[in-house]
Amino acid sequence: MAKKRLYIYFVCLIAAFGGLLFGIDQGIMNGSLTLIEQDLGLTPSQGSSFAAILLWGSVIGALFSGYIARTIGRKNTLVLAAIAFSIFSITTILTSNFTALYIFRFILGLSVGVASFSVPLYLSEIAPTKMRGAFISMYQMMITVGIFVVFISNYFIAKIVGDWRPMFLAITIPAVVMLIGMLFAPKSPRWLFLKNRRKDAEAVLYKTRFSKEEVDFELNEMSEAMHMNQQIAGGAFAMLKESYFWRVLVLGIVIQIFQQISGINSIIYYSTQIFTNAGLDSPVIATIIVGGVNMCTTVLAVLFVDKLGRKPILYFGYVIMAISLFVCAWIFNLEANGQALTDVLRALVVIATLVYIFAFAVSAGPLAWVLCAEIFPLKGRDIGLTVTTATNWITAAIVVSFSLPLMQFADGSPNYQGGTYLFLFFGISCVIFLFILKLFVPETKGVPLEEVEENLLSGKKLNKLGTRRH
Ligand code: BGC
């Protein structure tokens, strides 16, 4: 029994390495970008388009991953992503050609996009029911671990070697671990069942479940789900003809857009620049603390989301985020008017940023994903999640592309006025989202997904989709 438990943990941990790589690739620009800009002579707008190209790759990766995961299977998709991560993190450090670097980072982005869709899918299909929630949360956790680890490794590499190339080499280690581990991981039993390989599915279940009853129960569930799916004519795309599906699709898209235009990735990518602009002596240390707070406070979300509910946490988070962003905008505005910052104001920029990160990590960060996984009817969950995941990446790419040119002039000197407008925009977006939350977002805590679906089909208002019927 203990051996089996260990095996299941091993499989889930290896798959969750996809989350770690997602986080590393997101966080790597912070601390490396200035060195890259200096080394290759890039302007801020070239620098931020280099940072953002990963996100555009992720959009494409996310859009195609549903098809790839269905065709070659979840495990093989993750093996493929791990191969791409391993190869292209190495090629990145072997060239100084900007176009080649651009292409390699785009391909890394494709892998991130594929991993961001396939890892939660694989985990939800391989984990025993009772452990499923915890394992999917582990994926979210690993993203924040990745961001934190890369902030630290970038710091030490910059200090000791002073070169950006070894920073990218750091991606190779977890990528190779994931690749080797995934080769030993089993295929998803649900995918095997989908491909009519019932015997193989059964064999995997025997390896990963604790009793024969559990195996029989899940096989039975899979048969029923398969039967139901066969009765649905036209497949997932038929959902696009249904107006009720569009209502939740637009809601999911709006939730993801507002998660991103709250400015999270401007901070994850550029906090070192933000702190440098504020005149901090050790901006990189402050950035590492940002990563640490992001990682540690995500645990709180995992602990409280099913106790306090989604909406109270989101109200709390977005109010605090808005206040912190307005504080930053106010301080940048003082600088724009030529005022030199006192030590207190400098410290306030760091405190406001950390408070913002804390509020995001407990609310908007995990809950945008949780809600999008809960509002779609079964038949449209695939396409709904594909579209909302891609929306998250598209908006992230736009925000990351625009942030740096707004915060810095072409010669790299700080543009305080631009920074003021940017943070004001993020703050106002948070306020607007509070109204959207009140008017349209349902409370789904403790509501079975089938009841959310029934409410949707019976024409209930969006903010009433979580009303209990039974
Ligand atoms: C967001 C990412 C962000 C990360 C930070 C995720 O929920 O979708 O864009 O970088 O949180 O922890």
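Helix α11 (residues 243-260) and helix α18 (residues 416-440) pack with their axes 10 Å apart and at an angle of about 155°. Here the axes are lines fitted to C-alpha atoms, for helices over the stretch in contact, and angles run from 0 to 180 degrees between N-to-C directions. Helices themselves are DSSP runs (H or I, at least four residues), numbered from the N terminus. The two helices α11 and α18 are therefore roughly antiparallel to each other, a term kept for angles over 145 degrees. Their crossing is left-handed, as the near helix is turned anticlockwise from the far one by less than a right angle.

The model is predicted, so local features need pLDDT of at least 70 and side-chain atom pairs count only at pLDDT 80 or more, while totals for chains, interfaces and linings use all residues. Residues are numbered from 1 along each chain as its sequence is written, and side-chain values use heavy atoms, with hydrogens and water left out.

Turning to charged pairs, a search of the whole structure finds eleven salt bridges, each being a side-chain nitrogen of Lys or Arg within 4 Å of a carboxyl oxygen of Asp or Glu. One of them joins the side chains of Glu125 and Arg74 (2.7 Å, N to O). Glu125 lies in helix α5 (residues 98-126) and Arg74 in helix α4 (residues 74-94), so this pair ties together parts that are 51 residues apart in sequence. Both Glu125 and Arg74 are buried (under 20% relative accessible area, with exposed meaning over 50% and partly exposed in between; 1.4 Å probe, protein chains only).

Other bridges sit within a helix. Lys199 meets Glu202 at 3.8 Å, N to O; these residues are three apart in helix α9 (residues 198-208), and about one helical turn separates them. Lys199 is exposed, at 67% relative accessibility. In helix α15 (residues 343-362), Asp343 and Arg346 are likewise three residues apart, or about one helical turn, and their salt bridge spans 3.1 Å, N to O. Asp343 is exposed at 60%, whereas Arg346 is partly exposed at 24%. Elsewhere, salt bridges that share partners link Arg190, Arg209 and Glu218 in one network.

The surface also carries a nonpolar patch formed by Phe10, Val176, Ile180, Leu183 and Phe184, with about 480 Å² of accessible area together. Helix α7 (residues 165-184) gives the largest share, four residues. Val176 is found in helix α7 and is partly exposed, at 33% relative accessible area. Patch members have over 30% relative accessible area and no salt bridge, with nonpolar side chains (Val, Leu, Ile, Met, Phe, Trp, Tyr) joined within 5 Å and like charges within 9 Å. Accessible areas come from the Shrake-Rupley method with a 1.4 Å probe, and for residues only the protein chains shown count as cover.

Definitions and conventions: Angles under 35 degrees count as roughly parallel, over 145 as roughly antiparallel, 65 to 115 as roughly perpendicular and the rest as oblique.
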